[in-house]
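Welcome, and take a moment to look over the structure below. A short tour follows, topic by topic.

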Amino acid sequence: MTLAFETDGLVLKTDDLEVLAFKLDLDQDAIDEIGLCLNEDESRRAMGLRLRQDQRRFVATRGRLRHLLAARLEICPADVEFEYEELGKPHLSSRMRDSDLRFSVSRSADVAVIALTNSRDVGVDIEAILPVPEADQIASLCLSAADYESYAAVDAEHRPKDFLERWTRLEAVAKALGCGLGQPIVWNEEDWTVTRFVPRAGYIGTVVVRN
Ligand SMILES: CC(C)(COP(=O)(O)OP(=O)(O)OC[C@H]1O[C@@H](n2cnc3c(N)ncnc32)[C@H](O)[C@@H]1OP(=O)(O)O)[C@@H](O)C(=O)NCCC(=O)NCCS
């Protein structure tokens, strides 16, 4: 089945990278329809989320991921199989690796993005542009010494946006590496192509692809 959204929302395209953005707050019928392709574990995970809105957003994101991958693999969305690394990074199961299709997903408020590449590590992160009162503290804890020094040198007016740019870059790299943010991230910027993009007005995004 090919749903209209599969070609909607392309926000970035290069030779070997596509980033698609979607609005998540769909009407219940659309959520129900897209939710049909989720497996039992995914449906259980959705039901385990406390807020109804979070349940719906998870279903919308996972359903779209399944549809996008299925279209590339020329299979049914429900037949896409995932495996998870130790810290939760999802990828296509080894049974479906022929195409070496790779992906990364991020959600913030009512927008989600999915980045797709062939055979290159990819990570994507988006954030709604909102004030982060504890930004300086987070920056001092999470950024590298050099990155923090350049962040601290930014004037007060531009710091909130600068923080989100650095933060989405860090999360994107963490996702590409599969390590999450629970541990220090060691990465060499020269090994990655880092691209900023605007998923929707009022949001900021960064996608990284290994060179
Ligand atoms: C990966 C991580 C940075 C995502 O952060 P986030 O901003 O909350 O969420 P986003 O919406 O941007 O991304 C979520 C997506 O990232 C992906 N993801 C989850 N864990 C991931 C990981 N370790 N690596 C890469 N991608 C991951 C999933 O596709 C997830 O989508 P889903 O919720 O629909 O399944 C964060 O969840 C994290 O740090 N995870 C690791 C947890 C960890 O370190 N645990 C150690 C035990 S203490």
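In which loop is Glu74 found? Glu74 sits in the loop between helix H3 (52-73) and strand S3 (82-84); helices (H or I, at least four residues) and strands (E, at least two) are DSSP runs, numbered from the N terminus. Please keep in mind that this is a predicted model, where local features need pLDDT of at least 70, side-chain atom pairs count only at pLDDT 80 or more, and totals for chains, interfaces and linings use all residues. Residues are numbered from 1 along each chain as its sequence is written, and side-chain values use heavy atoms, leaving out hydrogens and water.

- Most residues other than glycine have a negative phi.
- Glu74 is not a glycine, yet its phi is positive, at about 55 degrees.
- Glu74 is exposed, with a relative accessible area of 72%; the cut-offs are under 20% for buried, over 50% for exposed and in between for partly exposed (1.4 Å probe, protein chains only).
- Ala109, in the loop between strand S5 (101-108) and strand S6 (111-118), has a positive phi near 50 degrees.
- Ala109 is partly exposed, with a relative accessible area of 40%.

**Domains**
- The domain assignment gives domain 1 (4-119) and domain 2 (125-210); such bounds come from an automatic or database assignment.
- Where the two domains are in contact (heavy atoms within 4.5 Å), 22 residues come from domain 1 and 18 residues from domain 2.
- The C-alpha centres of domain 1 and domain 2 are 23 Å apart.

- Leaving aside residues up to four places away in sequence, Ile185 touches Leu170, Val173, Ala174, Leu177, Cys179 and Gly180.

**The ligand**
- There are 18 residues around the ligand, each with a heavy atom within 4 Å of it; Arg45, Leu87, Ser106, Lys175 and Leu181 come nearest.
- An N or O atom in the side chain of Ser106 is 2.8 Å from an oxygen atom of the ligand, making a polar contact (a pair of N or O atoms within 3.5 Å).
- A polar side-chain atom of Arg107 lies 2.9 Å from a ligand oxygen atom.

Note on methods. A polar contact is a pair of N or O atoms within 3.5 Å; within protein, one must be able to donate a hydrogen and the other to accept it, and residues adjacent in sequence count only if both atoms are side-chain atoms.
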